[in-house]
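Trainee: I have a model open and would like to learn how to read it. Where do we start?

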Number of protein chains: 2
Amino acid sequence: MSRPKNDTFLRALLREPVDFTPVWLMRQAGRYLPEYCETRKRAGNFLNLCKSPSLACEVTLQPLARYKLDAAILFSDILTIPDAMGLGLSFENGEGPRFERPLRSEWEIRDLTAPDPWDHLRYVMDAVSEIRRALDNSVPLIGFSGSPFTLACYMVEGAGSSDFRTVKTMLYDRPDLLHRILEINARAVTQYLNAQIESGVQAVMVFDTWGGALSDRAYREFSLAYLQQVVEGLHRSKDGERIPAIVFTKGGGQWLEDIAAIGYDAVGLDWTTDLSAARKRVGDKVALQGNMDPISLFASPEAVATEARKVIDAYGRGTGHVFNLGHGINQFTPPENVAVLVDTVHEYSRNRP
Amino acid sequence: MSRPKNDTFLRALLREPVDFTPVWLMRQAGRYLPEYCETRKRAGNFLNLCKSPSLACEVTLQPLARYKLDAAILFSDILTIPDAMGLGLSFENGEGPRFERPLRSEWEIRDLTAPDPWDHLRYVMDAVSEIRRALDNSVPLIGFSGSPFTLACYMVEGAGSSDFRTVKTMLYDRPDLLHRILEINARAVTQYLNAQIESGVQAVMVFDTWGGALSDRAYREFSLAYLQQVVEGLHRSKDGERIPAIVFTKGGGQWLEDIAAIGYDAVGLDWTTDLSAARKRVGDKVALQGNMDPISLFASPEAVATEARKVIDAYGRGTGHVFNLGHGINQFTPPENVAVLVDTVHEYSRNRP
C-alpha cells in the first residue's frame, strides 16, 4: 500500500515539505450541498445514511466531485459508539440526536462495556473499505471518532445541551461514575479508530466538541487525560506508513500547549486562536489544522478569498499547516463560496509573495 | 459621599488590602429566586420590570436580603440602549429579546444616533438613585452596560443568534457599516455609564457577552478597540472616590493580556481560565473577577464548597480577587446552594491555612 497520489495532507500533518497548503473542511459532506440533501432524502433518515456503506460512500465523495479537496473524510456520526453500546440513538426531525436510554443510574454505568467495532460497528468498517476502493488512492481518507468526554456528554444528557447540567452535576458530585464512563469510552474510541485504520483510513481525527465547556481543572481531568489514553492506544502505522492523528477541542485555544503535549501529530484550532501565535506556542511539536471562521463563507467571494489569505499568512511559511474551518461548515453556506475558498488556498499558498 | 460600610468589593477591585474575598454573582437578582419571579409576575413582563424604578429597586435588593453579598448590581437589561435608539425591543414569552426594527440597510445605520441617557434612559438613572437610597451605603452598587459589539450583535441580528450570521456577514463584507454602528454604540455606552456614575453607581462593568464569538483578528478590531474607547471616556471618579471599571469578555481568556492592557481596573474571567495562570499573566496590572462554573451550583452543598475553595486557592493570597461565577447564575440553581457558596467564600478566605 503506497501513499495516495495527492499526499499533501499527510505530508503537512507529518511536517514534511509540501508544495501548497492542503485543505479540507469539517462536515464537507453535508447539508449545504444539494446532492447531499437528495441522498439523505433517499435514505429516509440520517441514521440510515450513516448505516448504509454504499450511501455513506456516495456522500463522502460528493464534495470531492465539486472541489479540489486534499482529503476525504468518512461520512458518519460521532454517536455511532454509544448507539452500538445500546443507548438507542435517534435523530428527531429538525432536531439533534436523542438517546432513548441515557446513562443516569449507577448500575447502568457499571454495566457499560466497549462495543466490538467489528460486530456492532461493522457498517462503518464496510463504508471505509468501500470509500477507499472508490477513491482509488487519489487523496487520503480520514477516519474519526468523538472524544471520550464528548460522547459522555450525549450519553449522560441523553441529547444536546446548552449548559451540560446533568453531566456536570455528575462530574462535581460523582466524579467516580463519570471516570468509569470515560474509561469505557476511551477504550471504545481506541478500538473503533484502530478498526478504522485496519479497514483503510489513512489519518484519524478525534473531535472533542464539548471539552471547551469545562473549567480548566475539569478539562485536564475529564477530557485531556482520556484524549491521551486514546492516542497512546492507537496503531500509528499500517503497511509501513505512519497514520497521523489529529485532536480538536473546540474552545481549547487556551490549553494549546497541553493539548500539543499528549502525543497527537496535529492539533485543530477554532477561529478564536491566532495561528501565528499558536505556531510560536507549539514550536515544531505538532502540525496545526484550521482555522477560518465558518461564517466568513457567507460573505462575498472577494471577502472569502481575503479571509483565506489572512489565515495562510497567519500560519506563515513552511509545512505543518492543514487549512480548514474552525468548526463544521454551516448548512446554509453558499456552495459556490467553497470553490472560491479551496482554489484560493491552493493558488495563494503555491505562489506566495 | 464616603465609601460604603462594607467596601471590600471596591478595595479588591483597586487592589487595596482586604480582610476576605468579596463575592457577588452575575445575574444575582434573577429567576432562580422565587421572590424575583413573583415581582416579575406582578410587573406583567420583563421590560416593565426594567422600566419601573421601584420594581427594579425591589429586585436589586432581593438577593442581598438572602445572602451576605458584598455588592449590589443595578437590575436592568443590556438592551436598554438599542431600545432607547428606537429599535423596538420586546421579550416574547419564554424566548429571548427581539427587535422590531433590526439594523440592516445603510440608511438606517447612517441615521443611528446615541440616545441621551438623561432623556430616554431616565428610568435607569431613577432606579440607581432609588437603589442607592435603599442600600443606605451598606454595600456598593454596580452599574453596567453591554459592550458596543455585543449590542451591535442584537441590533443587527434582531435577536439572539447561535452563529451571528447576519452581523458577521456585515463584518466581512461591509466592515465600514459595522464600524459606524460600533462608533455610535461606544459613545452611547460611555454616556450611559457616565450618567449611571453621576446617579450614584460606585463601580461599572461592561459585559462583552459575544466578543468571544469572533476570530482573534476580528475581536481586536471590532470589540476590544471599542471597549477601550468606552473606558477612556469614563468619569473614573466621583466626589473624590475612584469608580472602578470591570470588563468581561465571555470566552476571552486567550486574549487576557490584551484585555488587561486597555485601561480597566479589573477583568472578568469565565470558568475556562485557570485563575492562578491568569494572575501570572496579568501581574499587578488589574484585579480579576470570577470564575466558578455556574453549573457547579447544581451539585451537593459539599461539592459547592469544595469548588469555591478551589477557586480561592487558584487565585492565591493577597488582594485583587473578586469572587464571582464565570457567567450569569442559571435560572434553575437551587437557592440554598448560593448561601453555601457565599458563606464558604467569606469563611475560607478569612481563615486560610
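Mentor: Start with contact: two residues are in contact if their C-beta atoms, placed from the backbone, lie within 7 Å. This is a predicted model; local features need pLDDT of at least 70, side-chain atom pairs count only at pLDDT 80 or more, and totals for chains, interfaces and linings use all residues. Residues are numbered from 1 along each chain as its sequence is written, while chains are lettered from A and ligands numbered from 1 in the order in which they are written.

Trainee: Through which surface do the copies meet?

Mentor: Through the same surface, because 100% of the interface residues of chain B are also interface residues in chain A. In all, 28 residues of chain B contact 28 residues of chain A. H9(B) gives the most to the chain B side, with five residues. That side divides into seven nonpolar, 11 polar and 10 charged residues. Here Ala, Val, Leu, Ile, Met, Phe, Trp, Tyr, Cys and Pro count as nonpolar, Asp, Glu, Lys and Arg as charged, and the others, Gly among them, as polar.

Trainee: How are two copies of a chain related?

Mentor: By a rotation about an axis and a shift along it. Here a rotation of 180 degrees with 0.0 Å of shift superposes chain B on chain A, RMSD 0.0 Å. The copies are thus related as by a two-fold rotation axis. Of the chain B residues, Gln254(B) comes closest to the axis, at 2.7 Å (C-alpha).

Trainee: How do strands of a sheet pair?

Mentor: Through backbone hydrogen bonds, either parallel or antiparallel. Strands are DSSP runs (E, at least two residues), as are helices (H or I, at least four), numbered from the N terminus. Two strands pair if DSSP finds at least two bridges between them. In chain B, seven strands form an open parallel sheet, ordered E1-E4-E5-E8-E9-E10-E11. E1 and E11 of chain B stand at the edges with a single partner strand each, so one side of each lacks a neighbour in the sheet. E5 and E8 of chain B pair over five bridges. Phe207(B) stands opposite Phe248(B) in E8(B).

Trainee: Which residues does Ile142(B) touch?

Mentor: Among them are Ala71(B), Ile73(B), Val201(B) and Met205(B), not counting residues up to four places away in sequence.

Definitions and conventions:
Least-squares fit on C-alpha atoms with pLDDT ≥ 70 in both.
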